[in-house]
Amino acid sequence: MAIFFDEGSRTFTLRTQNTSYQMQADGRGALLHLYYGPAVDGCCLDYLVTHPDKSFAPCPSDTGLDRNYSFDALPLEYSCQGSGDFRNTALEVVFSNGGNALDLRFHAHQVSPGKPSLPGLPAVYAGRDEAETLKVTLKDRFSEVYVHLYYSVLPEFDAIARWAVVENRTNGSLVVQNALSASVDFFGTEYDVLTFGGRWAKERLMSRTPVHNGRLEVSSRRGASSHHQNPFMVLCDRTATEEQGCCYGFSLVYSGSFTAFAETDQMDQTRAAVGINPQGFSWTLGAGECFTTPEAVLVCGTAGFGSMSRNYHKLYREHLCRGKYKHARRPVLFNNWEATYFRFDEEKLLAIAKEAKALGADMLVMDDGWFGKRDNDLSGLGDWYVNEKKLRGGLKPLVDGITALGLGFGIWFEPEMVSEDSDLYRAHPDWCLRVPGREPLRSRYQLVLDMGRPDVREYLFGRLSAILSSADISYVKWDMNRSMTDVYSALLPPGRQGEAGHRYMLGLYELLERIEAAFPDVLFEGCSGGGGRFDPGMLYYHPQIWCSDDTDAIERLEIQYGTSFCYPASAMAAHVSAVPNHQTGRVTPFATRGAVAMGGAFGYELDPGKLSDEEKSAIKEQIAAFKRQYELRSYGDYYRLNNPTENRRYAAWAVVSSDRRQAVLSYVSVLSEGNPAPQIIKLRGLDAAQQYQVVGKGVCLTLTGAALMYAGLVMPELPGDHQAAEFEITAI
Ligand code: GLA
């Protein structure tokens, strides 16, 4: 049992393996947040709530002449507009009379085993004995507006999945202007916030900022979760480190515009919240209708960031990713993008495939440029018909040729987009997002199809399934290469345009669900100009996502480091590419590129025909090593051993098997130094009493887990910049 209700005090306690979360319907029925953190048992924590006279604090009418009871500074589970809470609230609705006030009070609750799914939305899933769900229903004091707050507790992962359903039982319609997924009020302001911002080719760089007076917000208004911020925020103790202290992850299972913020208030409390970005959003709820927010997954790490990340990794690998490739071995692939860009034909692809096969690869992926009129990015998107001038004889002979080699075949699509120079756009100019009477903004010369339209989805399903059924295709890279603007749908009336962005996401999710159900053996990889939509929403459909268009091994150190705070290594597609690197011009050793790419879902993005024999044998060794270590690297526990942004001299991380009998340590020295001080790396997560053999880079040692963790391993001297060393650590 994970959910406890004390009837006398109307207190709910959610208990995971290491944490407690407590809330209470107080004497007036307000749902107060009492506690979230390391487990506290047998205690009602309502003594933490005080009611000082704050002045300028509005009091609800049912408090009579008591001027000390106000929502202005109470810790609330789901605050609402117009109730006297002046902080950023979780909910705002506008009634048909124009009023926007609510006063939500406790109405009912229900506990059930397992975890419900969310209608039309991606979400964590769990069996009846893996989770327990609490539904708390609040009701507006003056109307028939109900809010159902859901809390699914997954004890094994120290996780609580939260979402809200707003139900309109009034006779008229109302407009939801804001409905966040989760909001938690913490006592005190002694917190830091970790956020994961960046830009194209530099995604998810971790930064740590103290909570300060006012509001610290990260958000996307781009219609996608974006390269620029990730729908993931961590609130943590000021003293929290990788191994110590308490931290709270707020991860939104959504791929569209979002907000996440930490806000301090007058009473030195901190509100942390996450949800759909209310900017540009509104949703009309007719009488009897419901609106369901996306899910937010909260993980509390009681032993530092590492403990939180490892729980997210396991939870998302096992209870968010779905389908055959949740557990089936993923192929080591060769992608032709950086090898050829748009300049390829069937002969070129077959030549790459032959070489790739000889080196031990499992798949050839044909990237952008195979369809319509597509010799550059000016045209062709939307025309999902094979360009037979390029691929003579069509797709089938090419795919047959590649599968005859013993390789799988993968293909690239960018279904959500349309080029103005395309037959699709000429036939259906109204299918894209555009504001009437205005020219839409172009980006990469392309416009965005309105995924909220059933006819658009039907066309895409038809074209994609025709291509996928026409040959033996076992992988799809689903790309999306621009931010959304002109978010206006021709199908919606003017007063409902605030729904267009969210309807786009619901439509996209529906299409993904349908196509993936129709092709259950195909591995889908997500992509958005690299990692522009690297979020849990997409992980529900794609077990791996292209991490970044920046394939430079040194740049990837920070990108993969930041990504690892929430997302498992198995989700981060990472490829070895040619040097000088196409994004940075940097030349790094082959071994370093391999070591970094093996930190994710591994593959190559180069023309093997242009490699030296030495490089080819390096590839053979890398692929063989990756395959040997596949289980460990894909499902092991991930330990960040330093912060490569803070300490730019080196990066180190390790993966340890769950039985602690095997580990791989990866180390990259960034810049070489004259007369370097010895670099000692302390492992984590091993069994202190166990003897291990350590092999790698000229090292062969037998040491105990205690020696490796507490005394550490001396890194060999690595002359030259950007060198890597990897060590296999095996219990003996
Ligand atoms: C995006 C992707 C790349 C590649 C190109 C093709 O930028 O991230 O990997 O597929 O599109 O146009």
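**Figure 1. Arg438 in the loop between α5 and β25 of the predicted model**. Arg438 is exposed, since its relative accessible area is 58%, over the 50% required for that class. The loop that carries Arg438 runs between α5 and β25 (446-448). Between the C-alpha atoms of Arg438 and His33 there is a separation of 47 Å. Along the chain, these two residues are 405 residues apart.

**Figure 2. Ser220 in strand β13**. Strand β13 comprises residues 215-220. Ser220 has a relative accessible area of 2% and is therefore buried, the limit for this class being under 20%. Neighbours within four places in sequence are left aside in the list of contacts. The residues then in contact with Ser220 are Ser225, Ser226, Ser257, Phe258 and Asn277.

**Figure 3. Ala272 in strand β17**. Ala272 belongs to the strand formed by residues 269-276 and counts as buried because its relative accessibility is 0%. When residues up to four places away in sequence are not counted, Ala272 touches Ala182, Ser183, Val184, Phe186, Met233, Leu235, Phe250, Phe261 and Ala262. Arg660 stands 388 residues from Ala272 along the chain, and the C-alpha atoms of the two residues are separated by 35 Å.

**Figure 4. The packing of helix α3 with helix α4**. Helix α3 consists of residues 346-359, and helix α4 of residues 395-404. Their axes come within 10 Å and cross at roughly 15°. As this angle is under 35 degrees, α3 and α4 are roughly parallel to each other. The crossing of the two helices is right-handed. On the α3 side, the contact involves Glu346, Leu349, Leu350 and Ala353; on the α4 side, Leu398, Gly401 and Ile402 take part. By class, the residues of this contact are five nonpolar, one polar and one charged.

**Figure 5. The packing of helix α3 with helix α11**. Helix α11 is formed by residues 613-628. The axes of α3 and α11 lie 9 Å apart, at an angle of about 60°, and the two helices are therefore oblique to each other. Glu355, Ala358 and Leu359 in α3 meet Lys616, Ile619, Lys620 and Ile623 in α11. This contact of α3 with α11 has four nonpolar and three charged residues, and no polar ones.

**Figure 6. Helix α6 and the elements around its buried residues**. Helix α6 covers residues 454-470. Its 17 residues should span 24 Å at 1.5 Å a residue, and the C-alpha atoms at its ends are 24 Å apart, in agreement with that expectation. The buried residues of α6 are Val456, Arg457, Tyr459, Leu460, Phe461, Arg463, Leu464, Ser465, Ile467 and Leu468. These buried residues pack against the helices α4, α5 (423-427) and α7 (500-518). They also pack against the strands β23 (408-413) and β26 (475-478).

**Figure 7. The mostly covered helix α10**. Helix α10 runs over residues 590-597. Seven of its eight residues are buried, namely Phe590, Thr592, Arg593, Gly594, Ala595, Val596 and Ala597.

How values were computed. Residues numbered from 1 in each chain as written. Predicted model: local features only at pLDDT ≥ 70, side-chain atom pairs only at ≥ 80, totals over all residues. Heavy atoms only, no water. Axes fitted to C-alpha atoms, helices over the stretch in contact; angles between N-to-C directions. Helix = DSSP H or I, 4+ residues; strand = E, 2+ residues; numbered from the N terminus. Parallel < 35°, antiparallel > 145°, perpendicular 65-115°, else oblique. Contact = heavy atoms within 4.5 Å. Nonpolar A, V, L, I, M, F, W, Y, C, P; charged D, E, K, R; others polar. Buried < 20%, exposed > 50% of the residue type's maximum accessible area, 1.4 Å probe, protein only. Left-handed = near helix turned anticlockwise from the far one by under 90°. Expected span 1.5 Å × (residues − 1).
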